Amino acid sequence: MNTFLIDVGIGLATASILALSAVAFTLEYAVSRIANFAHGELLTIGAYAAYSGRVIFHQSIIGAAALAVAAGALAGLVLNAGLIEQFRGRHAITVFIATLGASLIIQNLLMIIYGAADVSYTFGQGSLHHVGPFLWTTSDIEVIVSALVISGLLYLLLQRTKFGKAIRAVAQDRVLAQISGIPARRVVMQTWGLAGAIAGFAGFALAETIGTFGPSLGFSYLLLTITACVAGGIGRPYATLGGALVIGMAVELLGDYTNSAYKLAYGFGLLVILMLLRPNGLFVGRGMVAVRA
Amino acid sequence: MSYWVSVITESGIFAILALGLDMIWGWCGDFDLAFYGYLALGSYMTMVLTIGKPVPPTQYILGLTLPYPLAIVVADVIVVALAAIIGAVALRNLREIYFAITTLGAVSALYLVVEVYTPLFDGYNGLFGLINPGQSALNLTYDGYRDVFMLIVLGILAVTYLVVQRLSSSPFGRMLRAVREDERAASAYGRGIFFAKYRAYLFGAALAGLAGGLFAAYISAFNPSAWTPQELLVIYAAILVGGRGNPRGVIVGVFVVYIGFIELTRYLPSPASRPEFAPAMRQVLIGLLIILMLRFRPSGIFAERAGGGRESRDLAAAKRAEVGADA
């Protein structure tokens, strides 16, 4: 058995969750032009919603996931209406600091509700499966498959539906989209709902994979998410998926071949290097115009 | 009485820290998330330079027994050296959110290394043992020492304030604000953007290192849980409340936020079964304070003052009349 390929398999599972979180972050950025520092909390809310579904309402895995999606979507809507839109027209860094404040509020409210101690809702990782050269648990496979399905659906939504077209228009120029008769405010709102739903699901998957989690689950995952977005190019959904794949694999493999305790540190190191060398993303070749920050 | 001595000492230390942070954020407009790391390094270094050889299983580097004041100076030099590296990398081309994220990435990587790599500063456990440095030399009782230490902190704060205030209205301070308002215009007037920002960054970090050295003696122990990103947000909140870019406002802001919040949150119910309730509620209020200040009064209690004559005052008034001095 080739251990390298097994590590690649684990990297794929890590990258799948990262891809979902990153694509949600990028959607938020695309329509509102802000880096949402409270993005991690959307994941945490999803995880706690699934936990409530499991432990309090005794839902199945499907029910728990649905609750995570619903709670994430709701949180995304509230965050946009209650905070982001209130700061519309303000300097990007001002909104960024405001979302940092929101992140502090949400984390600590969750701590007040659920307590500071870590919780868990394991559905059991399931048995090990050999899939080609890879070795995955049942939950790894579920995560990878659902990430693929969600990405596919997102692609269809963005490319083939009127709503997707409207999102792309607003992302390019909100004012122009408004003038052309697109209800920009509503489209931005709905995009936040969509991003929140994806983030909520990512939080559910992340918590299930990690096992135990606390109120800072999403916050500690945020920087890795941003790294994936920067690797792909912030604001460009498909490139972000690619960036997540690269970063997820890189972090997992670097961790496996040295000391896995430093996994996140490698991620942060990669972030700093990317920021300096390729701030517009890895995949921006000549002749392509990157979305400006 | 000793309760107030601790509150004032702690606020004084954080006021020194906030004056440093305000040079970077208030004057230059760079939202630095690595800043608390400089206080942490200042604290750690002061400890390893003073508390002597580690007793196994404890591990840490150096383990010297330098006199406390000398240790602070040496620690601060090391802090500035780290800031020189991070600043050189981050300030060169990165601005705004990109700068913020990069500094956060840098400090998070450092944080992880300090936590995981125990031979450095004993990982999660942190360091302990800098208890009332100089108490026996000064021949003081425990309470007497705490009083004297408070006065020393306030004295250092006063000197820091005078220097910073002086710098603030000097050509250097005004140049930094010109750079903040419009880098291209300032550059066209022949200002060296990078070095202006870089100097302010190093000065700010030096104040953080100094605050860290004082903090080490004040709490006599330091570990990773003492420098989570949340701690830095409180300082940003204090600067926002007091008035970004105005040294007097910054000091008032720190005392208002620290004493105000400590006093207010003392009356929060704190049931024995939920020990996390009061501290969590305090963080929620800090978050709310940041958002509300940014939304409704971004210039704080004391707005930044334009230095000099009538012309610049008119300019400042005109600026205030616009949408509001935005962050």
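The domain bounds used below come from an automatic or database domain assignment, and the model on screen is a predicted one.

Begin by selecting chain B, which is divided into domain 1 (2-225) and domain 2 (228-327); if you place a centre on each of these domains of chain B from the C-alpha atoms, the two centres are separated by 20 Å. Where the domains touch, 23 residues come from domain 1 of chain B and 18 residues from domain 2 of chain B. To see the domain 1 side of this contact, pick out helix H1 (2-27), helix H2 (35-50) and helix H7 (142-168) of chain B, each of which gives two or more residues to it. H1(B) gives the most to that side, with 13 residues, and the side as a whole divides into 14 nonpolar, 6 polar and 3 charged residues.

Along the principal axes, the C-alpha atoms of chain B fill a box of roughly 60 × 45 × 40 Å, and 45% of the 327 residues of chain B count as buried.

Finally, show both chains and select the interface, where 37 residues of chain A are in contact with 34 residues of chain B. On the chain A side, helix H4 (92-114), helix H9 (217-232) and helix H11 (263-277) each supply at least two residues, with the largest share, 15 residues, coming from H4(A). Coloured by residue class, this side of chain A divides into 29 nonpolar, 7 polar and 1 charged.

Definitions and conventions
Residues are numbered from 1 along each chain as its sequence is written. Chains are lettered from A and ligands numbered from 1 in the order in which they are written. This is a predicted model: local features need pLDDT of at least 70, side-chain atom pairs count only at pLDDT 80 or more; totals for chains, interfaces and linings use all residues. Two residues are in contact if their C-beta atoms, placed from the backbone, lie within 7 Å. Helices (H or I, at least four residues) and strands (E, at least two) are DSSP runs, numbered from the N terminus. Ala, Val, Leu, Ile, Met, Phe, Trp, Tyr, Cys and Pro count as nonpolar, Asp, Glu, Lys and Arg as charged, and the others, Gly among them, as polar. A residue is buried if 20 or more other C-beta atoms lie within 10 Å of its own, exposed if 12 or fewer, and partly exposed in between; C-beta atoms are placed from the backbone.
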